[in-house]
Amino acid sequence: MLVIVCYDVNTETKEGRRRLRRVAKLCEASGQRVQKSVFECQIDLAQMETLERRLLAEINDKQDCLRIYRLPETRGAEVREYGQFKAVDFEGPLVL
C-alpha cells in the first residue's frame with residue numbers, strides 16, 4: 001500500500017531541531033521524500049504500524065504535527081508531478 005507521511009516539527013529549540021532530524025531519518029528509511037516534510041512510502045500494514053509507532057515516539061504532540069495517509073488500493077490513482085523532483089515508480093522496472 002502507499003502511505004503518505006507529512007509532518008511539521010517545531011524547530012525553535014535545539015531539541016526541536018533534533019526531533020526534526022530523527023523524524024526525517026525514520027521517514028527516509030521507509031520511503032522517498034517528495035517535499036521537505038512529505039514522504040511517500042510503499043510499505044505493508046506491519047511496516048506502517050512500526051513506522052507510526054516510531055514516529056509517535058519521536059514527536060512532541062504539544063508542539064508538532066504528524067499526519068499519516070494510508071492509501072490501500074492505488075491502482076487507477078493518479079499523481080501529477082510538476083517541477084524538478086521526479087518520484088521513483090515502485091511498480092515500474094528497476095534500471096541499474
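Predicted model: local features only at pLDDT ≥ 70, side-chain atom pairs only at ≥ 80, totals over all residues.

Q: How many helices and strands does the protein have?

A: Two helices and four strands. These are DSSP runs numbered from the N terminus: helices are H or I with at least four residues, strands are E with at least two. Along the sequence the pattern reads β-α-β-β-α-β.

Q: What order do the strands take in the sheet?

A: E2-E3-E1-E4, in an open sheet with antiparallel pairing. Strands pair if DSSP finds at least two bridges between them.

Q: Which strands stand at the edges?

A: Strand E2 (32-35) and strand E4 (65-71). Each has a single partner strand, so one side of each has no neighbour in the sheet. From one strand to the next, the twist averages 25°. Axes here are lines fitted to C-alpha atoms, for helices over the stretch in contact, and angles run from 0 to 180 degrees between N-to-C directions.

Q: How many bridges link E1 and E4?

A: Seven, with E1 covering residues 2-8. In that pairing, Val-3 stands opposite Arg-70 in E4.

Q: And what is the bridge partner of Val-3 in E3?

A: Cys-41. E1 and E3 pair over five bridges, again in the antiparallel sense.

Q: How are E2 and E3 joined?

A: By a hairpin, through two residues. They pair over three bridges, antiparallel. Arg-33 stands opposite Phe-39 in E3.

Q: Which helix packs on the sheet?

A: Helix H2, residues 45-58. H2 touches E1, strand E3 (38-42) and E4. The direction of H2 makes about 175° with that of E4. Contact means heavy atoms within 4.5 Å.

Q: Is E1 mostly covered or mostly open?

A: Mostly covered, with six of its seven residues buried. Buried means under 20% relative accessible area, exposed means over 50%, and partly exposed lies in between (1.4 Å probe, protein chains only).

Q: How much of the whole protein counts as buried?

A: 26% of its 96 residues.

Q: New topic: Arg-19. Where is it?

A: In helix H1, residues 14-30.

Q: Is Arg-19 buried or exposed?

A: Buried, because its relative accessibility is 4%.

Q: What does Arg-19 touch?

A: Leaving out residues up to four places away in sequence, Arg-19 touches Val-9, Asn-10, Glu-58, Ile-59, Asn-60, Gln-63 and Asp-64.

Q: Back to the cysteines. How many disulfides are there?

A: Zero, in a search of the whole structure. A disulfide is a pair of cysteine sulfur atoms within 2.5 Å.

Q: Last one: what does the accessible surface come to?

A: About 7,200 Å², of which 50% belongs to carbon and sulfur atoms. Accessible areas come from the Shrake-Rupley method with a 1.4 Å probe; for residues, only the protein chains shown count as cover.

Conventions:
Residues numbered from 1 in each chain as written. Heavy atoms only, no water.
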